Amino acid sequence: MAKTSPKKPPLTPPADPMPNRVDPCLATLVDAPPKSPGWGFEVKWDGYRAALHIEPGHVRILTRGGHDWTSRFPAIAADAPTLCATTAIIDGEAVVLDEKGRSDFGLLQRALGRRPGVHGPGEILLFAFDLLYLDGRDLRRLPYAERRQVLEQLLTDRNGAIRLSEEVDADGAEFFRVACDLGLEGIIAKRRDMPYRVGRRPEWLKIKCVRRDTFVIVGYEPSTMPGRLGRLLLAAREGKGLAYVGGVGTGWTDELSRELRKVLETLVTTTPAVKLSRKGAVFTEPVLVADVEYRAWTEDKRLRHPSFKGVTKRSPKTRLYELAD
C-alpha cells in the first residue's frame, strides 16, 4: 500500500504593505441627494480632512495635502493607541463641536490658532467615516459597505476623541431637509458597492445646505480692476441699528460690478452706518439691500461663503436679516 504524503498546511497570504500615505477620495458637489437605492448617508462635517495612521508605537495624523499635523491634534493622537488595532489607516474629519453638537469650522480655526480661545487643541475630535487599512490588510479594494462594517466594529460605542461618523438609514431628501433645519453644513452620500478610489469621485456626493437672506449694503471695497467692485460690505438689523456681518465678493458679472460701483459712488458718506475699521473701505448710505446666499454663520456673526444674488432699494417693507442675541 502506497504511503500518502502528509498534507501541507495552507499558505498564509502575505500581508498587504501599509501605505505611507493615501490620497483622499473627494466628494462631488450636487444640488440634491440621489434617489436611487444603494446609497448610504452621513452628516457632512465642517472641519479639516485628516487621515489617522496607527503603527506599533507610532501615530501620525496627515492632512488632505499630506502635512503631518499630529502635534496639532493631541487628543486624537492620545486616543489612537487605545483602539484595538496594531496597524490602521482611518479616514475622517477633525472638528470642534459647538454647544449644540454641530461642527463649527470657526471654532476649529480658533482652537488651532496661536491666541487663546474658548476651545483648545485638546477639544478637537476625529469623526471617522472610512477604514482604508487594518492589521496588515488593505481594505480599499472592498466595497464601502464592507469597509463600513469593519469600521463600525472598531469604533462603535466609543466616546473619546476618535468617534464614528454614523451612517443614517433614511430617505436622502428627508435627511437633507432635517440636516438643514438643524443648522448643519449638509450631508454626504456614498455608493455602498464601490471601492475606495482617490480624487474627485461620482460615488461620493456632497449636498450643502444653502441659506438666503437680505442684508443692507453699508459700503464697498474697490477692486484692483479700475471701476469695479472688490467686496460689498453688509449689515443686518440688530435692535434699532445695524451690525456689520461681513462682505461678499462673488456672484456678479463684470458689467454688473461696474454698474453697482457707479451707483454706490453716488451714495458715499463720511458717517458709516456700522462700527467698522477696514483699510480701503468706502462707506455708503444704507439705502440698498443685497440678496445673498450663504452657507452658515461664524462664531463672531459673520457670513460664511456668501454669494451675491441681486440688489434692491431699501424701504420700510424690506425684510432684513435680524441678528439674534
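1. Which element gives the most to the lining of the second largest pocket? That would be β10, with four residues. Before going on, please keep in mind that this is a predicted model, where local features need pLDDT of at least 70, side-chain atom pairs count only at pLDDT 80 or more, and totals for chains, interfaces and linings use all residues. Residues are numbered from 1 along each chain as its sequence is written, and side-chain values use heavy atoms, with hydrogens and water left out.

2. The second largest pocket has a volume of about 560 Å³. A pocket here is an open set of points on a 1 Å grid over the protein atoms alone, where a 1.4 Å probe fits, with protein on both sides within 12 Å along at least five of seven lines; lining residues have an atom within 4 Å of a point. The volume is the space filled by probe spheres set on the points, which are joined across faces, edges and corners.

3. The lining has 26 residues, and Lys44, Trp45, Arg49, Arg64 and Glu93 are the closest to the pocket centre. By class, the lining holds 11 nonpolar, three polar and 12 charged residues (Ala, Val, Leu, Ile, Met, Phe, Trp, Tyr, Cys and Pro are nonpolar; Asp, Glu, Lys and Arg are charged; the others, Gly among them, are polar).

4. Now to a sheet: five strands (DSSP runs of E, at least two residues) form an open, antiparallel sheet in the order β13-β12-β11-β14-β17. Strands pair if DSSP finds at least two bridges between them. β13 and β17 stand at the edges with a single partner strand each, so one side of each lacks a neighbour in the sheet.

5. Phe215 stands opposite Ala290, while Val292 has Phe308 as its bridge partner.
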